[in-house]
Amino acid sequence: MSFLESLFSGAKAFIREVVVPVLHAAKQVAVETVRVVLEEIDRSEFGRAATRLIDGAARQYFGRAEDLAAEQREIAERARRDGRRSTRDVDRLREIDLERRKLREDLDAAQASEASVALKNAAGELVASPVSDDETSAAVGILSSRVCPACGGTMRMRQGGFNGTTQRRSFYWLCSAHPGACKTIPFDPVKENLTALRRADPNLDLPLNERREIWERKDVIRGTQIRLRQHLGEKDDEVICPHHLLPMKLLEQPNSSGLLLSTYQYVCLHVDDDGRACQHHVPLETFPQVSESLRRSEGAGIIR
Ligand SMILES: [Zn+2]
Ligand SMILES: [Zn+2]
């Protein structure tokens, strides 16, 4: 059976708890678990591809994706100017769609390979920790190796609203290849009983009450806002628009409240075939999401 539930970019994996010998000390658990997971990755298709891949290979695909997005924008502008779309442009849009399908496959393979290399390189530093709501929220929107059972595309973790009665958020896997068409898969960290492998992080390792108390302190919120705002307009290579296959940008939501957890989002600035703004966005609604965003841009989360 497969131990690996999903491999994420940024040296993180969710694995089935069965591989964790619970009686060992946390550090030993991690070492043994990492060994088993890395063996499994080595046997997998993307693990074999990884050995042939040079670091940063995924980035070369962004160049091709940029070209396709620019061409799509030109075609949309031409249609608006002329009041109609030429047969040639209709054909070209169909070709762009096909090219993107191929590109998505290449990009998925490259990202999965990079993720496995990142996990291998971090092997000595990884800790094992039960997958909680916060752990799951920290993985929202980022690239993962989870495969959609309907179409074979990759899926990403998404989150629903906060339920005041249960005091919890809902999570689900969303297909990146056909987000509206393929069925989403509900994900309940409490029921799944998984273990996360990742680098130690006080924002996820401190007891829940303790870290929440720090996150919610006024001075910490103010400092976090200042840090986050320094990255407005920056692209994040681990948050990719599933349609345009390009890194999304951190921006303020229009008419935002100014509050830390309802103001920022990742946005795709490209357009659809009709020239409308891409609808794909990933709002930052939880402290773990904000913390991860800072960790990716600055190397440390909210609590450093
Ligand atoms: Zn799918
Ligand atoms: Zn997009």
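Guide: Two strands count as paired if DSSP finds at least two bridges between them. Please keep in mind throughout that this is a predicted model.

Visitor: With that rule in hand, in which sense do β1 and strand β2 pair, and over how many bridges?

Guide: Strand β1, residues 4–8, and strand β2, residues 12–16, run antiparallel to one another and are joined over four bridges. Within this pairing, Phe-8 faces Lys-12 of β2. The two strands make a hairpin with three residues between them, and Gly-10, which sits in the turn, has a positive phi of about 85°.

Visitor: Is strand β1 mostly covered or mostly open?

Guide: Strand β1 is mostly covered, since five of its five residues are buried, and a residue counts as buried when its relative accessible area is under 20%. Across the protein chain, buried residues account for 48% of the 304 residues.

Visitor: Let me turn to the metals: which protein donors hold the zinc ion (ligand 1)?

Guide: To find donors, one looks for N, O and S atoms within 2.8 Å of such a metal. For the zinc ion (ligand 1) these are the SG atoms of Cys-148, Cys-151, Cys-175 and Cys-182, at 2.3 to 2.4 Å. The angles among the four donor atoms run from 102 to 115°, and the site is tetrahedral. Along the chain, the donors of this zinc ion (ligand 1) are spaced as C-x2-C-x23-C-x6-C. Cys-148 belongs to the loop between α5 (133–138) and β4 (155–163), while Cys-182 belongs to the loop between β5 (168–175) and β6 (185–187), so this pair ties together parts that are 34 residues apart in sequence.

Visitor: Which of these cysteines are buried, and how does Cys-151 count?

Guide: Cys-148 and Cys-182 are both buried. Cys-151 has a relative accessibility of 33% and therefore counts as partly exposed.

Visitor: What coordinates the zinc ion (ligand 2)?

Guide: The zinc ion (ligand 2) is coordinated by the SG atoms of Cys-241, Cys-268 and Cys-278 together with ND1 of His-244, at 2.2 to 2.4 Å. This site, too, is tetrahedral, with angles of 103 to 115° among its four donor atoms, and the spacing of the donors along the chain reads C-x2-H-x23-C-x9-C.

Visitor: Finally, how does one read the overall fold, and what is the radius of gyration of the protein chain?

Guide: The protein chain has 10 helices and 11 strands, and its C-alpha atoms fill a box of roughly 70 × 50 × 35 Å along the principal axes. A compact globule of 304 residues would have a radius of gyration near 19 Å, and the 20 Å of the protein chain agrees with this. Of the contacts between residues at least 6 apart in sequence, 62% join residues at least 24 apart.

Note on methods:
Residues are numbered from 1 along each chain as its sequence is written. Chains are lettered from A and ligands numbered from 1 in the order in which they are written. This is a predicted model: local features need pLDDT of at least 70, side-chain atom pairs count only at pLDDT 80 or more; totals for chains, interfaces and linings use all residues. Side-chain values use heavy atoms; hydrogens and water are left out. Buried means under 20% relative accessible area, exposed over 50%, partly exposed in between (1.4 Å probe, protein chains only). Donors are N, O and S atoms within 2.8 Å of the metal (3.2 Å for Na, K and Ca); water is not among the atoms, so sites may look incomplete. Four donors count as tetrahedral if all angles lie between 85 and 135 degrees; four count as square planar and six as octahedral if opposite donors are over 155 degrees apart and all others between 65 and 115; anything else is irregular. The radius of gyration is taken over C-alpha atoms; the globule rule is 2.2 Å times the number of residues to the power 0.38. Contact means heavy atoms within 4.5 Å.
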